[in-house]
Amino acid sequence: MKKGRRPIFINVFIILPHYDKGAMETFTIRKSVPTKILTERENENMLFHSLEFFIFFPVVVLVYFILPKKLKAVWLLGASYYFYMCWNVKHTFLIAFSTVVSWLCGLLVGKYQKMEGRRNNQRWILGIGVFLNLFLLAFFKYFDFILYNINFIFEKMGFPQLEKPFEIMLPVGISFYTFQALGYMVDVYRGDIEPEKNLLHYALFVSFFPQLVAGPIERSQNLLRQIRGIGRQNAAKLFDYERIAGGLLMMLWGFFQKLVIADRLCILVDAVYAGWQQCGQLELVFATAAFSIQIYCDFASYSTIAAGAAKVLGFHLMENFRTPYFSRSIREFWRRWHISLSTWFKDYLYIPLGGSRCGALRSQVNLMVTFLVSGLWHGASWHYVVWGAIHGCYQVIGSRTETARRKIRSWAGVNTRSFSYRFGQVAVTYVLSLFGLVFFRAKSLPEAFGILGRIASKPNLWALTDGTLYEFGVDAAQMRVLCLAMVILLCVSLVRELKNEMLNEFLERQAIWFRWMVILVLFSFIFLFGVYGPDYDESQFIYFQF
């Protein structure tokens, strides 16, 4: 959204804090890498919570509903490319190139599958398709990182530094649509899906706008098969009221998570981490815990809005988050957090490396490799790699000590089904994830170690009562709003955990007065307490940078 433009929601009660804008640096790639990878911020006018999207989406839906069946896929593809061009027109050629390469690769692999003795041809074609897609990703996302590390080595060896030939702007969503295309090619190679002969359908699979720039990373077995069925729905099914209402409710819940919780926590987290050298133990621990909720609500909100928008159109996207902070182990955490990425790495990296089928030591090496690559996927900087290594170590240590821990529990007579034991598991898992998040949120490895050093050496428990926590952009009034919003978040999370139902599924079974009460509460919080103002446009979704 451009500067000075009024957001779609009107902030009835102005409760925005007064703070120094210079201290509130936006969390972007620019903060995360030694060399400056630029992000697409100048054309940032198609965020889900922007006025442009609130005009774009209803138009797309209405036209899609009334168009003849043969034109529906064409319309969605055009809308998806327009959505992406709103970020950067030039980068549209990259997604088009990736689409054509992976589509042709799938066709050729499928052709040779029907011929005897042509397995090597399939491997070569798959290899070329994978190489070209990964080359694009590596160039735009990791060129500066590679150059920085080469120059670091050259400096230590006394060699002259290499000059940076040009500035690179990171195309939004390139990691997501590249992985989606790679998954399709491998699926065809494995015979899990028939190659898509219709380029229009395949292009829509790669560029489907609800999940294009930040996931979830969809599988061909799910989304592509739904796209193949476009136009087969009868009118009654397409205009299904319950489905459309459920999708809109999912979008409403996503806006609540983003505007009321994530963007407000962003103010506090950015302020503390920007001035971490002057902060004590309590502020840093509090800010890291706040960041754990911020990044969850930020990314889960995007996935929820994406799934809701797709549901309105008649598509089903996979669930990307399933109450991850209720996990009782790090292994379980990764089955609940960013599920589409975790399962992608499992299916297309961990298992091809050998998975757990090749002995304990090799399986642990495979785990470490997978998590190191996952860390690098999240950002072109060593602190992301270390974050991935930490979670890999958690997994390896957990598997290596599982037998010993089981024996200790049996010897001590621990009731593993008791609430206290399970609560302890959840608490330990959460603390372990917080330790890793210090490396994830810091700008560099030295900063991460510096923050951990201050946490260990600068205790200041009095900050709980002397008002220190209100000096970072979120005053007492806003903290009360946060507490109420967190109670709502906890209630919805408990419904998901205990009832195994999404919010819209749960409300479908409730009395109409209760359903509308929940909707009005969410609307009220968004209208009255959503974070807007002159810096509203800077609160982009965190995972756009990946």
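How many helices and strands are there in the chain? The chain has 20 helices and 2 strands, taken as DSSP runs numbered from the N terminus (helices H or I, at least four residues; strands E, at least two).

This is a predicted model, in which local features need pLDDT of at least 70 and side-chain atom pairs count only at pLDDT 80 or more, while totals for chains, interfaces and linings use all residues. Residues are numbered from 1 along each chain as its sequence is written, and side-chain values use heavy atoms, with hydrogens and water left out.

**View 1. Whole chain.** Of its 546 residues, 55% count as buried (under 20% relative accessible area, 1.4 Å probe, protein chains only). Among contacts (heavy atoms within 4.5 Å) with a separation of 6 or more, 78% are between residues 24 or more positions apart.

**View 2. Ser 102 in helix 3.** Helix 3 spans residues 92-113 and holds Ser 102. Ser 102 is buried, at a relative accessible area of 0%. A polar atom of its side chain lies 2.7 Å from the backbone oxygen of Ser 98. Leaving aside residues up to four places away in sequence, Ser 102 touches Asn 133, Ala 181, Tyr 184, Met 185 and Tyr 202.

**View 3. The largest nonpolar core.** This core (buried Ala, Val, Leu, Ile, Met, Phe, Trp, Tyr and Cys residues joined through side-chain atoms within 4.5 Å) has 154 residues, and Leu 76, Phe 83, Phe 256 and Phe 315 have the most contacts inside it. Helix 9 (residues 241-274) gives the most to this core, 19 residues.

**View 4. Surroundings of Phe 256.** Residues up to four places away in sequence aside, Phe 256 touches Ile 261, Ala 485, Ile 488, Leu 522, Phe 525 and Ile 526.

Terms used
Buried < 20%, exposed > 50% of the residue type's maximum accessible area, 1.4 Å probe, protein only. Polar contact = N/O pair within 3.5 Å; in protein donor to acceptor, adjacent residues only side chain to side chain.
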